[in-house]
Amino acid sequence: MDRPLNIANEAEMLAFGSKLAATLCPNLTIYLIGDLGSGKTTLVRGILHGLGYKGVVKSPTYNLVEIYKISRLYLYHFDFYRFNDPIEWEEAGFRDYFNCDSVCLVEWPEKANGLLPTADLQITIDIPESGREINVHAGTEAGKKCLTHW
Ligand code: ADP
Ligand code: MG
C-alpha cells in the first residue's frame, strides 16, 4: 500500500483489522510497529473478530504470547515488550510457532531482533494530532500477495 491510511478512532481500527483479516492466509509473519497505546492490540482484536473469533482478546504483555485456533488456522499474538532474554525464546519453543499453519502477529518485534523471521507484512502505526496513521509494507512475495486482495 503506497499511501498512509488515516484511522480516526478505535472503531475504525477494528474495522481495518477486520478487512485485513480477509486477506490473510497461513504462513505469515506480521510485524506491528508503534508506540505504547498506538493501537497494535486493538488492531489484532479487529483481525480476530474479522476471522470470527468471539472471545476476549487480551494483550499478551505478561506471557509474551496468546494463542488462538480458528478453524484450521493457528494465530499467535506476540508482544515482546518485556522480552530481553534470547534463551527464553528457545525454551518457550517460539521458533516452532512460525510455521506453515500459522499467522504470527508480533508487537515490539524490535525487541526480538535477529530471532524472528522476516516480516511478510510490516504495519506501522503513528500517532498524529488526532487518530492514527497506518502504513503497510510488504516485505516478501507472500506479503505482496495479501495486499493484492486488498
Ligand atoms: P498498543 O497495543 O499499541 O499498546 P492498544 O491497542 O492497547 O495499544 O491501545 C490503544 C488505545 O488507543 C486504546 O485505548 C484505544 O481506545 C485508543 N485509540 C484512540 N484512537 C485510536 C485509533 N484511531 N485506533 C486505535 N486505538 C485508538
Ligand atoms: Mg499492545
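Me: Is C25 buried, partly exposed or exposed?

Reply: Buried means under 20% relative accessible area, exposed over 50%, and partly exposed in between (1.4 Å probe, protein chains only). C25 has a relative accessible area of 36%, so it is partly exposed. C25 is found in the loop between α1 (10–21) and β2 (28–33); helices (H or I, at least four residues) and strands (E, at least two) are DSSP runs, numbered from the N terminus. This is a predicted model, in which local features need pLDDT of at least 70 and side-chain atom pairs count only at pLDDT 80 or more, while totals for chains, interfaces and linings use all residues. Residues are numbered from 1 along each chain as its sequence is written, chains are lettered from A and ligands numbered from 1 in the order in which they are written, and side-chain values use heavy atoms, with hydrogens and water left out.

Me: Which residues coordinate the magnesium ion?

Reply: Donors are N, O and S atoms within 2.8 Å of the metal (3.2 Å for Na, K and Ca); water is not among the atoms, so sites may look incomplete. Here T41 (OG1) and E107 (OE) coordinate the magnesium ion (ligand 2), at 2.1 to 2.2 Å. T41 belongs to helix α2 (residues 40–50) and E107 to strand β5 (residues 102–107), so the pair ties together parts that are 66 residues apart in sequence. Both T41 and E107 are buried.

Me: How many salt bridges does the structure hold?

Reply: A salt bridge is a side-chain nitrogen of Lys or Arg within 4 Å of a carboxyl oxygen of Asp or Glu. The structure holds 2 salt bridges. One joins the side chains of E90 and R95 (2.5 Å, N to O). E90 is partly exposed, at 44% relative accessible area, and R95 is partly exposed too, at 46%. E141 forms a salt bridge with K144, with the closest N and O atoms 3.3 Å apart. These two residues, E141 and K144, are 3 residues apart in helix α4 (residues 141–148), so about one helical turn separates them.

Me: Which residues touch the most other members of the largest nonpolar core?

Reply: In soluble globular proteins, nonpolar side chains tend to be buried together. A nonpolar core is a set of buried Ala, Val, Leu, Ile, Met, Phe, Trp, Tyr and Cys residues joined through side-chain atoms within 4.5 Å. Among the 28 residues of the largest nonpolar core, I30, L43, I47, L105, I123 and I134 touch the most other members. A second, separate core of 18 residues includes I33, Y76, V106 and A119.
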